Amino acid sequence: MTRRSEFSVCGLLRSLWRTFSVWVFVGFAVLLLYALLTPAHAADLAQRTGRAGVPDATKEKFSLLFDKLPLQQLVMVFYDQCEKKGLVFDPAVNKLDEVITLKTPELTCAQTRPILLDALARAGVGIEFRSGYDVVRQVAAKDERDGWREVIYRPRFRDAVDLAEQAQIAIRKGSFAHQRRGPQVQVASPTEQVPEAGGNGASITAKPVDKLLFFGPESECKAVESLLARLDVPNPQVELKAGIYEFQRGKADGSGITAVVKLFSDRLGISVNGGAGSSTGSSVKLTLPNIDAALSLLDSDSRFRYVARPKVLAKDGEQVRFFAGEDLRVAGSIVLDRNGNPIQSKETLSAGVTLEATPHVRGEVVDVVLYQAVSNFVSSSAGDPSVLKRDLRSRLVMQPGAVYVIGGLQSTRRTQGRQRFFGFQVGADAQDSETEIVLLLAVAPDQTAL
């Protein structure tokens, strides 16, 4: 009985020892495996979070969707989510009423930060980063003219204002000094004068522009300099020579143009329909060495009365004017002086022949805009004479080396006479005379131009 009891106790002890040994081995194996895996896991966790075993919220992705949110609240939301540091708002920022509408996809804090800073910059606000806290403050507006420079150009041939207008094609931000807006000028009464102080708007616009001052970005300055140098070239000009005649039309004569063509055909053998000339109805083109031969031929005919022979140089696009006649002072309107006394004013009436020409050089030809006017004094019932005026506008494309004969400006004069016998009127007669202005015109390139 005693032996059997001892055997049972020993077996139980051995069974317990084996079980304990197994568990000890399993525990040792688990500890060994844990010891092998724990350092790599800890290092990986520290690398991802920045702190051993603690998750980093700044690595998490989130999205923003705000509609007209005050910018102060937007900054607070971002700092609560991403920045674990102090934040101070400048008092000037707290007074701002700016709101921001913002929408972003899922981004990390690092990806959201540039979007926030750009949104704040558009509202004139920036964040000043410091060691323990950040300060939200207004950013001084950047002057867009930083880096601009000036260009001073003195024209050699062309008008300064015309050059500036043509250079506008290259200008977006800059401007010329003479184009600046002056202060408002109060319009004076007729008896007052605006003082010339050099600073009012009237004096600014009245002063001639002899040089150009441009201020703008570097790219525009280079473009303006290049354009001005290419545009400032000698202005082409032509020499206009004309002969103005008054043609006394007889009963057997036709128009002045017909008389000129017949005269040249009889004296010089020039036929308009041939190779020496061409006609357009109101004008005739004659191929002659110079205009002097044509003028001399008309001087020899008593039907053509010489009026004037103007000769002038004209720039491209500029009008030249010639007038041959007389001026007459006549009574004008009655005005009152300061004391209320009536004063009879005087006016000037002009009568004669007026010729205006505006040439436009088009390479091999010259496009000329002509204006002709003939006026004379006629009596009126009021006592003072009045002016009877006829005018004509035309446009010709002229070639150097040709003489152009232009007509069409006609007038009729009536001369009345009375027959008396011993102081008594016994009859009256009237005689009408028809006249026509004939213009001979030639153009030639100016040989003296620069």
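Is Arg309 buried, partly exposed or exposed? I looked it up: Arg309 counts as partly exposed because its relative accessibility is 37%. My cut-offs are under 20% relative accessible area for buried, over 50% for exposed, and partly exposed in between, with a 1.4 Å probe and protein chains only.

**Ground rules**

I'm working with a predicted model, where local features need pLDDT of at least 70, side-chain atom pairs count only at pLDDT 80 or more, and totals for chains, interfaces and linings use all residues. I count residues from 1 along each chain as its sequence is written, and side-chain values use heavy atoms, with hydrogens and water left out.

**Salt bridges**

I stayed with Arg309 and found that it forms a salt bridge with Asp299, with the closest N and O atoms 2.0 Å apart. The pair links distant parts of the chain: Asp299 sits in helix 9 (residues 291–299), Arg309 in the loop between strand 12 and strand 13 (311–315), and they are ten residues apart. I noted Asp299 as partly exposed because its relative accessibility is 39%. For the record, a salt bridge here is a side-chain nitrogen of Lys or Arg within 4 Å of a carboxyl oxygen of Asp or Glu. Helices (H or I, at least four residues) and strands (E, at least two) are DSSP runs, numbered from the N terminus.

By the salt-bridge rule I get a count of 16. I looked at another one, between Arg149 and Glu218, with 2.6 Å from N to O. Arg149 belongs to strand 6 (residues 149–153) and Glu218 to helix 7 (residues 218–231), so this pair ties together parts that are 69 residues apart in sequence. I found Arg149 partly exposed at 24% relative accessibility, and Glu218 is partly exposed at 33%.

Next I checked Arg130, which makes a salt bridge with Glu128; their closest N and O atoms are 2.5 Å apart. Arg130 is partly exposed, with 37% relative accessibility, and Glu128 is partly exposed as well, with 25%.

**Aromatic pairs**

How many aromatic pairs does the structure hold? I have five in my notes. Rings of Phe, Tyr and Trp (its six-membered ring) pair if their centres lie within 6.5 Å; planes under 30 degrees apart count as stacked, over 60 as edge-to-face and the rest as tilted.

One of the pairs is Phe176 with Phe214, which is tilted: the centres are 5.2 Å apart and the planes make 55°. It links distant parts of the chain, with Phe176 in strand 7 (residues 175–176) and Phe214 in strand 8 (residues 212–216), 38 residues apart. I wrote down Phe176 as buried because its relative accessibility is 1%. Phe214 is buried too, at 0%.

Then I turned to Tyr245 and Tyr306, an edge-to-face pair with 6.2 Å centre to centre and 70° between the planes. Tyr245 is in strand 9 (residues 237–249) and Tyr306 in strand 12 (residues 304–308), so the pair ties together parts 61 residues apart in sequence. Buried or partly exposed, what is Tyr245? I have Tyr245 as buried, at 0% relative accessibility, whereas Tyr306 is partly exposed, with a relative accessible area of 44%.

I traced an open sheet of four strands in the order 14-15-16-17, with antiparallel pairing. Two strands pair if DSSP finds at least two bridges between them. Why is one side of strand 14 (320–336) and of strand 17 (386–398) left without a neighbour in the sheet? Both stand at the edges and each has a single partner strand, so one side stays without a neighbour. I also noted that the twist averages 20° from one strand to the next.

Inside this sheet, ten bridges join strand 15 (residues 342–362) to strand 16 (residues 365–378). I spotted Ala357 standing opposite Leu370 in strand 16. Strand 15 also holds Glu356, which is buried at 15% relative accessible area. The C-alpha atoms of Glu356 and Gln319 are separated by 6.7 Å, although these residues are 37 apart along the chain.

Definitions and conventions. Axes are lines fitted to C-alpha atoms, for helices over the stretch in contact, and angles run from 0 to 180 degrees between N-to-C directions.
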